Amino acid sequence: VRSEDSADLPSGDVAYVAKKVEERARAKRTRNYAVSDAIRDELFDRFDVTIHDKINEWSAGGGREASGSWNHVPAESYQDDEE
């Protein structure tokens with residue numbers, strides 16, 4: 001669900017983002033975290049979209065990010081730096 005705080009996107013982009021957010025949710029449900037993280041990163045990189053999983057919303061342009069309700073942590077942040 002698109003947040004009411006979301007920045008405007010062209011309708012074609014909104015449809016694409018909504019489709020990818022649903023695809024990401026399916027990937028998470030099946031514990032395919034590599035796909036889930038890749039979709040999250042793509043949406044952030046291309047559209048500045050952040051996703052709030054607990055309330056099932058997404059927002060372009062930061063949304064509630066300043067309040068800490070939204071987050072985006074790139075997948076590479078989870079990798080150990082110890083080599």
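Colleague: What is the relative accessible area of Tyr 16?
Modeller: Tyr 16 counts as partly exposed, a class between buried (under 20% relative accessible area) and exposed (over 50%), with a 1.4 Å probe and protein chains only. This is a predicted model, in which local features need pLDDT of at least 70 and side-chain atom pairs count only at pLDDT 80 or more, while totals for chains, interfaces and linings use all residues. Residues are numbered from 1 along each chain as its sequence is written, and side-chain values use heavy atoms, with hydrogens and water left out. For Tyr 16, the relative accessible area is 26%.

Colleague: Which residue forms an aromatic pair with Tyr 16?
Modeller: Rings of Phe, Tyr and Trp (its six-membered ring) pair if their centres lie within 6.5 Å, and planes under 30 degrees apart count as stacked, over 60 as edge-to-face and the rest as tilted. By this rule the count comes to one aromatic pair. The pair is tilted, with 6.0 Å centre to centre and 50 degrees between the planes, and the partner of Tyr 16 is Phe 47.

Colleague: How many residues apart are Tyr 16 and Phe 47?
Modeller: Phe 47 is buried, at 11% relative accessible area. Helices (H or I, at least four residues) and strands (E, at least two) are DSSP runs, numbered from the N terminus. Tyr 16 lies in helix α1 and Phe 47 in helix α2, and the pair links distant parts of the chain, the separation being 31 residues.

Colleague: How many salt bridges does the model hold?
Modeller: A salt bridge is a side-chain nitrogen of Lys or Arg within 4 Å of a carboxyl oxygen of Asp or Glu. Among them, Asp 37 meets Arg 40 at 3.4 Å, N to O, and Asp 41 meets Arg 40 at 3.2 Å, N to O. By this rule the count is seven.

Colleague: What is the relative accessible area of Arg 40?
Modeller: Asp 37 and Arg 40 both lie in helix α2 (residues 33-47), three residues apart, which is about one turn of the helix. Both of these residues are buried, and Asp 41 is buried as well, at 15%. For Arg 40, the value is 8%.

Colleague: Which residue meets Lys 28 in a salt bridge of 2.9 Å?
Modeller: Lys 28 is partly exposed at 29% relative accessibility and lies in helix α1 (residues 11-29). Its partner is partly exposed at 39% and lies in the loop between β1 (49-52) and β2 (57-60), so the pair ties together parts that are 25 residues apart in sequence. Arg 24 is linked with both in a network of salt bridges, and the partner at 2.9 Å, N to O, is Asp 53.
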